[in-house]
Each structure stands twice: as structure tokens, then as C-alpha cells.
Amino acid sequence: MNRTWTVSLILLINVVVFIAWLTPSIEHFRFMERNFTVSWIGLADGRYWTILTSVFSHNMLLHLLVNMFVLQSFGSILERYLGAWTFLKFYLLAGIVGSTTHALLSNFYLGLPEQAALGASGAIAGLVLLFSMLFPREKILLFAIIPMPAIVGAILFIGLDIWGLTAQAKGGGLPIGHGAHLGGAACGIIYYFRALRGRRRHARVYY
């Protein structure tokens, strides 16, 4: 079994940034908020680096644990399939697209340009959708409980995010970055059709 060093590195960076959030200082918190969350206002102010730094940023333990569990589960397989450097480039691309989509939808659809987001969820959504396109019949556990084919889980995942984003536009919904999820998911789908569709017939899961 090949070591998935890229997934391990991403996990480590996320843990380090999470620890950085825990420093009990107002000034430090404001620094983290300005530099490790992404929003339309932040980008308009010129903090373009936040479309990437926010992808490695979590300030709630449960959020970190869930994202890192999914990263380890799907990312390890995809890293072996794609190769370390290709996997890393795709992960960063999906994260950047997810952050940008969040900022755009927050401003132009939700009317909340100040709405900040953080977390690896956009990049993770890209991994899940790419995995589902490559291995559509592979069994996954939705919400870590319900077994189903990967492609069915992917469709439900997208449907829930569309529903959630629509609910937010009406003033309801949960404080979840549905826009980032949808952006990352779209990145995974497009990447499959543009770069990997020819490899689909030879795909097998690498455990």
C-alpha cells in the first residue's frame, strides 16, 4: 500500500490552523478572521489569499473532525488513483473554486457580501463528486449511516445543497456553506469530464 503523503500533509496543515484559532487573544482572533475566512467583502478589500487559506481553516472541532474523516476516506483512494501531485492540484483547485463560489453566491444571490466562510468543505465536495464519477457503483455511507451507490449519494448531496441554498435565500436554512459545496462539486464533475473520462473504464478502487 502506497503512503498518501499529500492527504497526510493536508490533514496536518488543517490541524495546525485549527490550533491557531484557539489562541485566547482578541487581536489574534481578528487576524485569523481577516486572513483565514473568505467573503465577498474580504476579496473586494484585496485579501485574495483567503480563497485558499480559508480551505485549511476550521474553528470548530466537530467541523474539523468531519471534514478530515471524509478527506481521509475519499482522498486516500483518489491520491493513489491520480498520483500525489495531480491529487494536490485538484484538491487546491476544488477548494479555490468552492471559496470563490461562496463569495459570489453570498453577494449576488443571498445579498450578504459580508457572510464569511471557512473550512475544507468545498474541496471535500470536489473529492466526493470526483470519486462518485469514477466509481459510481461503489458503496458509500450517506451521513456515515445509510449505504448506497456513490453516484446516488452524490446526487442527494447536490440536491441537499441546492435546497439549503434556496432556504438561505428565503431567510432560513442552516449556517452551512452550501455555495462552497456546490462550487467544489461542480469542479469535481467538470474535472472528470475534461481530464479523466477516458480513464473511467479502467478505474478501480485503491484501498
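Predicted model: local features only at pLDDT ≥ 70, side-chain atom pairs only at ≥ 80, totals over all residues.
Student: Which residues make the nonpolar surface patch?
Tutor: Trp-5, Leu-9, Leu-12, Ile-13, Val-16 and Trp-85 make a patch of about 610 Å². Patches are made of residues with over 30% relative accessible area and no salt bridge, where like charges are joined within 9 Å and nonpolar side chains (Val, Leu, Ile, Met, Phe, Trp, Tyr) within 5 Å. Accessible areas come from the Shrake-Rupley method with a 1.4 Å probe, and for residues only the protein chains shown count as cover.

Student: Which helix gives the largest share of it?
Tutor: Helix H1, residues 5-21, contributes the largest share, with 5 residues. Helices are DSSP runs (H or I, at least four residues), numbered from the N terminus.

Student: Take Ile-13, then: how accessible is it?
Tutor: Ile-13 lies in helix H1 and is partly exposed, at a relative accessible area of 34%. Buried means under 20% relative accessible area, exposed over 50%, and partly exposed in between (1.4 Å probe, protein chains only).

Student: And Val-7, buried or exposed?
Tutor: Val-7, also a residue of helix H1, is buried, with a relative accessible area of 0%. Not counting residues up to four places away in sequence, Val-7 touches Leu-71, Gln-72, Gly-75, Ser-76, Glu-79 and Phe-87; contact means heavy atoms within 4.5 Å.

Student: Changing topic, how do H8 and H9 pack?
Tutor: Helix H8 (residues 150-169) packs against helix H9 (residues 178-196) at an angle of about 145°, and their axes are 9 Å apart. Axes are lines fitted to C-alpha atoms, for helices over the stretch in contact, and angles run from 0 to 180 degrees between N-to-C directions.

Student: Which residues meet there?
Tutor: On the H8 side they include Phe-157, Ile-158, Leu-160 and Asp-161, and among their counterparts in H9 are His-178, Leu-182, Ala-185 and Ile-189.

Student: What about Gly-171, where is it?
Tutor: Gly-171 sits in the loop between H8 and H9 and counts as exposed, at 71% relative accessibility. Its C-alpha is 11 Å from that of Leu-112, although the two residues are 59 apart in sequence.

Student: Which residues does Leu-196 touch?
Tutor: Leu-196, found in helix H9, is in contact with Leu-82, Leu-130, Leu-134 and Tyr-191, leaving aside neighbours within four places in sequence. Leu-196 is buried, with a relative accessible area of 3%. Between Leu-196 and Leu-82 the C-alpha distance is 9.3 Å, across 114 residues of sequence.

Student: How many salt bridges are there?
Tutor: The count comes to 1, a salt bridge being a side-chain nitrogen of Lys or Arg within 4 Å of a carboxyl oxygen of Asp or Glu. Asp-45 pairs with Arg-47, and the closest N and O atoms are 3.7 Å apart.

Student: Are those two partners buried or exposed?
Tutor: Asp-45 is exposed at 55% relative accessibility, whereas Arg-47 is buried at 12% relative accessible area.

Technical notes. Residues numbered from 1 in each chain as written. Heavy atoms only, no water. Helix = DSSP H or I, 4+ residues; strand = E, 2+ residues; numbered from the N terminus.
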